[in-house]
Amino acid sequence: MTSVRDESAWAEGLRDRHDPVLLVVSPPRCASTALARCFWGHPRFRWYSHEPFDRWYHENAGLGDVAQALREPLDVGEPGARGLVVKEMTFQAGEHLATLAATATLPVLVPVRDPRLAVMSRMRQRERSGEPPAFPSAESGWQNLADALEAFRAKGIEHVVADVTAFRREPGPCLAQLCARLGLAGDDRMSSWKPVPGLCLGRLGGAQDLWYERVLGSSGIEPPDERVPEVDEFPKLMRAHLAMAMELYRSLTA
């Protein structure tokens, strides 16, 4: 059984090493990596930790592995800055999301996207990687998001929800508004960047390199161009969960 001490020990010292600390957390395929990348260009940030819970979830690594990932972020931003951006998937951190959120010094940033687009995108990426396109409904991350938001409200953890489809249509104005909500000064350098196609994100031995080709090869936020699929285009076992995700998405973006 995990003790109270073990529950939070992996998160200790994060605020001492970094200021500010921004957590970006979302269900998969909600452009969270692209949104996190915008903050690589902000003068307050230098460091980036990509999905510190990836090995904890996929390879049954201990929480000590999470601590190590947070202690060894990528150096991607402004030299001399102390700020850290942490990006994580809701389903990977699971029960530890609220503890992770409590390490943030800024409101938690929660990107969301029409679940039909997010789930279909995950199915396509799995197929590209040689996996069956259908996946356990838990890995859509929407139930974990609902649980996390309830925990954030109960613990008084500030958070900001961003609809990434609107963000991709007008990234400049949306970034300015988002920075204001987070308590940061806006910066024009956040909207564009140099491609870094060889950069390895995560610690799964390159197993997910295909998942980040587009964002790492890009030079800025790209406009939405996807067709929204109908619910009956999904496997039957996923449709009930998709309905729950749609209800949550609509409530968050109303």
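Ring pairs tie Trp10, Phe53 and Trp56 together into a cluster. The model is predicted. In total, it holds 6 aromatic pairs. Strand S2 (residues 45-50) pairs with strand S4 and with strand S3. Strand S5 has 5 of its 5 residues buried.

**Aromatic rings**

- A pair of aromatic rings is described by the distance of the centres and the angle of the planes.
- Phenylalanine 39 and phenylalanine 45 make one of the 6 aromatic pairs. Their centres are 6.0 Å apart, and their planes stand at 80 degrees. That pair is edge-to-face.
- Phenylalanine 39 and phenylalanine 45 are both buried.
- Tryptophan 40 and tyrosine 48 pair with ring centres 5.2 Å apart. Their planes lie at 50 degrees, so this pair counts as tilted.
- Phenylalanine 135 has a charge over its ring: the charged end of arginine 122. The distance from that end to the ring centre is 4.9 Å.

**Strand S2 and its partners**

- S2 and S4 (residues 83-89) run parallel, joined by 5 bridges. Within S4, leucine 84 is the bridge partner of tryptophan 47.
- S2 and S3 (residues 74-75) run antiparallel, joined by 2 bridges. Here leucine 74 of S3 stands opposite tyrosine 48.

- Is serine 49 buried or exposed? Serine 49 is buried, at a relative accessible area of 3%. The cut-off for buried is under 20%.
- Serine 49 belongs to S2. Leaving aside residues up to four places away in sequence, serine 49 touches Ala69, Leu70, Pro73, Leu84, Val85, Val86 and Lys87.
- Arginine 46 is also placed in S2. Its relative accessible area is 23%, which makes arginine 46 partly exposed.
- Arginine 46 touches Leu74, Asp75, Val76, Gly77, Glu78, Pro79, Gly80, Ala81 and Gly83, again not counting residues up to four places away in sequence.

**Strand S5**

- Strand S5 spans residues 108-112. With 5 of 5 residues buried, S5 is largely enclosed by the rest of the structure.
- Val108, Val110 and Val112 point one way from S5. Leu109 and Pro111 point the other way. Residues on both sides are buried.
- S5 runs parallel to strand S6 (residues 159-163), and 5 bridges join them. Valine 112 has aspartate 163 of S6 as its bridge partner.

**Helices H8 and H13**

- Helix H8 covers residues 115-128 and helix H13 covers residues 236-253. Their axes come within 9 Å and cross at roughly 135 degrees.
- H8 and H13 are therefore oblique to each other.
- From H8, the contact uses Pro115, Arg116, Val119 and Met123. From H13, it uses Met238, Leu242, Ala245, Met246 and Tyr249.

**Backbone points to check in the loops**

- Aspartate 19 and proline 20 are joined by a cis peptide bond, with omega about 0 degrees. Proline 20 is in the loop between helix H2 (14-17) and strand S1 (21-26).
- Alanine 31 is not a glycine, yet its phi is positive, at about 60 degrees. Alanine 31 lies in the loop between S1 and helix H3 (32-38). Its relative accessible area is 27%, so alanine 31 is partly exposed.
- Glutamate 51 also has a positive phi, of about 50 degrees, and is not a glycine. The loop between S2 and helix H4 (54-58) holds glutamate 51. With 3% relative accessibility, glutamate 51 counts as buried.

Key
Residues numbered from 1 in each chain as written. Predicted model: local features only at pLDDT ≥ 70, side-chain atom pairs only at ≥ 80, totals over all residues. Heavy atoms only, no water. Phe/Tyr/Trp six-rings, centres within 6.5 Å; stacked < 30°, edge-to-face > 60°. Buried < 20%, exposed > 50% of the residue type's maximum accessible area, 1.4 Å probe, protein only. Lys NZ or Arg CZ within 6 Å of the ring centre and 35° of its normal. Helix = DSSP H or I, 4+ residues; strand = E, 2+ residues; numbered from the N terminus. Pairing = 2+ DSSP bridges. Axes fitted to C-alpha atoms, helices over the stretch in contact; angles between N-to-C directions. Parallel < 35°, antiparallel > 145°, perpendicular 65-115°, else oblique. Contact = heavy atoms within 4.5 Å.
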